[in-house]
Amino acid sequence: MHLYNLTLQPPTAILQAIVGNFSGARQQEIIVSHGTRIELLRPDPQSGKVSTVIATDVFGSVRSLAAFRLTGGSKDYAIVGSDSGRVVILDYDPKTSSFVKLHQETFGKSGARRIVPGQYLATDPKGRSMMIASMEKSKLVYILNRDAAANLTISSPLEAHKSNAIIHHIVGVDVGFENPMYAALEVDYSESDQDPTGEAFNRTEKMLTYYELDLGLNHVVRKWSEPTDPRANLLVQVPGGQLASSDRYDGPSGVLVCCEDHIIYRHMNSPQHRVPIPRRKHPLEDPNRGVIITTAVMHKMKGAFFFLLQSEDGDLFKVTIEHQEQDVTALKIKYFDTVPVASSLCILKSGFLFVASEFGNHYLYQFLKLGDDDDEPEFSSTNYPGDGMRDPSSPLPREYFKPRPLENLALADEMESLDPIIDSKVLNILPNSDTPQIFAACGRGARSTLRTLRHGLEVEESVSSELPGIPNAVWTTKRTESDPYDSYIILSFVNGTLVLSIGETIEEVQDTGFLSSSPTIAVQQIGADALLQVHPHGIRHVLSDRRVNEWRVPEGKTIVTATTNKRQVVVALSSAELVYFELDLDGQLNEYQDRKAMGSTVLALSIGEVPEGRQRTPYLAVGCEDQTVRIISLDPESTLETLSLQALTAPPSSICIADMLDASINKSHPTMFVNIGLQNGVLLRTVLDPMNGQLTDTRTRFLGTRPIKLVRVQVQKSPAILALSSRSWVNYTHQNLMHFTPLIYDNLDYAWSFSAELSPEGLIGIAGNLLRIFVIPKLGTKLKEDVIPLSYTPRKFVTHPENNYFYLIEGDHRTLGQDAAQNKLKELKQAGKRIDEEVINLPPDIFGRPKAPAGTWAANVRVIDPIEGKTIAVVPMDGNEGVFSIAVVPFSARNNELHLVVGTAADTTVSPRTCTQGYLRTYKFVDDGKGLELMHKTELDDVPLALLAFQGKLIAGVGKSLRLYDIGKKKLLRKVENKAFTSAIVTLETQGSRIIVGDMQESIQYVVYKAPENRLLTFADDTQPRWVTASTMVDYNTVAAGDRFGNIFVNRLDDKISDQVDDDPTGAGILHEKSILMGAPHKTNMLCHFHVGDLITSIHKVSLVAGGREVLLYTGLHGTIGILMPFVSKEDVDFISTLEQHMRTEQPSLVGRDQLAWRGYYVPIKAVVDGDLCETYARLSAQKQSAIAGELDRTVGEVLKKLEQMRVTSSGF
């Protein structure tokens, strides 16, 4: 078995974001790290929308990012710390739109290790040096400079190691142009290691240490080290240093130390200032819980600076420092606004705040004001004795604030993110859809969602209006060439033509010179200021002064089809003749003297747009009923000569020639494509050679069941093609590569570009008797998301086999359930406490829910209708129970009536996993599954993490034991149990009497149920331990599973052993076999292994394309969706794996990681080809492409075609 891995949706979680002028222009951009991928985002200061400029896989794990700029430079560089044991400096090159590796310095082993640097990065604010540090001991400093040619140079590393020290954070200290200085939070554990009593551990201090890089002596010294608050977790750089132009200081320099409940200002030889972090005034808050700052950002303006610090609840605090020269007089803090908890905050000079959320969607906010003149209470260090530092070991009195909706910020844009995907299903349940949808349970806490993902582009409709009849075509046109917007909409009906003018309103007009008594075949704004209408009996050329020149068709013939551009017109007559017209310099249409007889009825014609600075386009494509397409010359030397011919498998229904940029074919110029739509719903895309008119590189794709209509349109200022069949598709260029994606929209009968003041980039279409105007807002997003909000973190969901409803369990730890919260508030009211209703009624999806002590759970079972996209019912859990598993079970003891079994546990602690009591709640479906009625609860002694229906009974993984239950009147009855599992059962799959059990730490085990003896027997397991998170059966003997470390593996049991186990009626043979390696008597073989780089949360065996092959679809925690597709033939395996080997040498990782080592992080890669690496072939330079293709004995086109075919046939993407 060989598999091909393809990522359909790359990870969307942002682990870190940095801001800078990376393209060297005046505009600021943001570089974000998605863990295994780097993306450059450009926020538009006018519209406030964020667009992706470029995204690249790095085939490694990005651990840290920093931006820096050399002194006096205008361009920022990005420094990347990764698991490659190297530090890499990247430069974004706007010409090629790619990241260029400027420097790659090796300093250690690869892998994310404790003492190999890469975890922390800090830069000198003046861009003279950088420090890269590890979790423990190692810190390296590099000096950055420029050489005579103004290129960036990097020195050899200088060490600033301190052994036995754990590093919590590092940051550059702003000292102006003094020697660069770095601050680190360190804990020395050497004494704790030696001391068995634990005394030294309690005495250990957290040190704030300054390291100075002496540029003269070229080495690093420890300048200063003082103990600070033991709960410090984050350092923030404070501006400092003198301005070059005046004696004024930018700021006091030093750092802010963020601790639990406090913020301290510290600097060498300066007095400290301390303020408390304000807390929410919520009656249900846990008073023993401290507040910590999780992320911070500093922003400098002319002559001032401020900090935004974010607490773990999402509250932003504005911190300001009052100073005279270098002396701090006060440290002040006040509540600013509440946004989702972020992994990174970025402030842009254009007045935006980018919030890279820890979980869920990312947001761009605009600053409305800086929160200076509001009545929020401000807390200053001068209000406390000794600036808050009289007794550093005791906490300051607590201060409170009242959370409120946004006042200082306004939402400008939202970037969809699936992170984290916790469970998913792939089903085709939406009406009139021919491909399955992916349903993903995403998110955390009150911002959780269930998302329906459909392959296609989202469409925003602005107008939908009924027409008097059913038109067969629609066009829009300008009056003159120089008009910015369209003036007319022309609708062609069976018996006439309707012309509408576009203005304040859209209304019918009569005096346009168009013939309204017959249908229209084509409309064109021709020359500088004339219009053209082609109808069955002739051509009308309407001049700017409304005079009409008309060309009439000879007696007994009609025009069947036509094609036009700004200067040329070609019409085909019913006698299978072509008539060619060209515009002369006076603006008259002249007919070419000869007519070309085609010998077969002409079904479709197309000419391209006139190229810049040319008189005409030289090629015409003609599709005839004899199933051919001919390319005919329109060049004056060889007018109407046939240049080439392509045979088809069915008669053509439409042809479209378009010049579009596809960097995989030509990086610098658009390629001329001839798109041919056939009557059987197949689209052919061929490349037209501009020199000799030959057709090469044909690609085919099945679009739908109806004959295809092709239309050339403009989408986001670049040419695109709409292909209309039983689904509407759009072919467009995004980030220089060609994409072909369906529109998620009603089927259109015809469409055209539409440009008016309100929608300059729109499209107009007709569907039946409806006229629709719409835009495609987001190109490049392959999946459209529809969102259903949830209350708590989703855990698992199951589908009902008959009614398409979802039953989803959701629950949160350290959260009070609805009832528990109400009861607690009642108690407080009775005790006479004042309750602030406003604070209690704040929406939890923005402000979260108050945190409760450990062991408190809130949980629901939710019934969802995915077709309507709404929640039907919510069943809350009482008694402080958390929900862990769910299954729909047809119990044979009750005539196979379906029941819902939910596994819960009361007072559960997460680590170590304990509970006072586990339960299996059995529910009956009422009202066709819309409601649930509790029948009974069955007590258990551990947490039930996995449930599954099995032969009319329920099989349950309860802690370490596997049990079979049958239904009784008062509770479920335990029939049989197997306690021989090591850690905990987390996944269950079944076929026949075989059960595949996924153990939390010990991989996949095969269990068989022998009914005559009533035994559950383990007969096979894996040779290596694995932390299983998801599994699915590929066939009776084969299982695919994912683990916590981002690996996917496929294990298979030998057929002989499988038959031998099945043929043993009582299982006595298995009982008496000798166990191997302390485990089961048989072992499975590993067939495939691959490191995805994201924690796998679900795996499904599905077919994503109608009539396509089955693939393994997996989802990852960071929002990854990918597929593993089986190869069909040995030749394919050889061809693609040879291509992969070439790509490994030609496409080195951006962070310096070895791709083979990365994909075999824990176990060497086996029998899986990395499709993501192969797909980067399209971005290689033309000369590398042809070199690799030559090695493979193929043309470049054949390699690209093979890669596209692999992707399209398996996923449709």
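Cys 915 has a relative accessibility of 18% and therefore counts as buried, the classes being buried for under 20% relative accessible area, exposed for over 50% and partly exposed in between, with a 1.4 Å probe and protein chains only. Cys 1088 takes part in no disulfide, as the nearest cysteine sulfur, that of Cys 1174, lies 16 Å away, whereas a disulfide is defined as a pair of cysteine sulfur atoms within 2.5 Å. Cys 1088 is likewise in the buried class, with a relative accessible area of 1%. Under this criterion the number of disulfides is zero.

The structure is a predicted model, in which local features need pLDDT of at least 70 and side-chain atom pairs count only at pLDDT 80 or more, while totals for chains, interfaces and linings use all residues. Residues are numbered from 1 along each chain as its sequence is written, and side-chain values use heavy atoms, with hydrogens and water left out.

Side chains of opposite charge can pair when their charged atoms come close. Glu 785 is buried at a relative accessible area of 13%, and Arg 451 is buried at 4%.

A salt bridge is also formed between Glu 1204 and Arg 699, whose closest N and O atoms are 2.7 Å apart. Here too distant parts of the chain are linked, Glu 1204 being in helix H12 (residues 1196-1211) and Arg 699 in strand E58 (residues 695-702), 505 residues apart. Arg 699 counts as buried, with 9% relative accessibility.

In the salt bridge between Lys 979 and Glu 977, the closest N and O atoms are 3.9 Å apart. Through salt bridges with shared partners, Asp 941, Arg 963, Arg 974, Glu 977 and Lys 979 are joined into one network.

Asp 1054, Asp 1055, Asp 1059 and Asp 1063 form a patch of negative charge on the surface. Of these residues, Asp 1063 lies in helix H6 (residues 1055-1063) and is exposed, with a relative accessible area of 61%. Trp 1027, Phe 1045 and Tyr 1162 make up a nonpolar surface patch of about 300 Å². Trp 1027 is located in the loop between strand E82 (1015-1021) and strand E83 (1028-1033), and is partly exposed at 31% relative accessibility.

A further loop, between strand E87 (1085-1091) and strand E88 (1096-1102), contains Asp 1094, which is buried with a relative accessible area of 6%. The C-alpha atoms of Asp 1094 and Ile 840, residues 254 apart along the chain, are separated by 37 Å.

Conventions:
Patch = residues over 30% accessible without salt bridge, like charges linked within 9 Å, V, L, I, M, F, W, Y side chains within 5 Å. Areas by Shrake-Rupley, 256 points an atom, 1.4 Å probe, with all protein chains shown as cover. Salt bridge = Lys/Arg side-chain N within 4 Å of Asp/Glu carboxyl O. Lys, Arg positive; Asp, Glu negative; His and termini not counted. Charge placed at Lys NZ, Arg CZ, Asp CG, Glu CD. Helix = DSSP H or I, 4+ residues; strand = E, 2+ residues; numbered from the N terminus.
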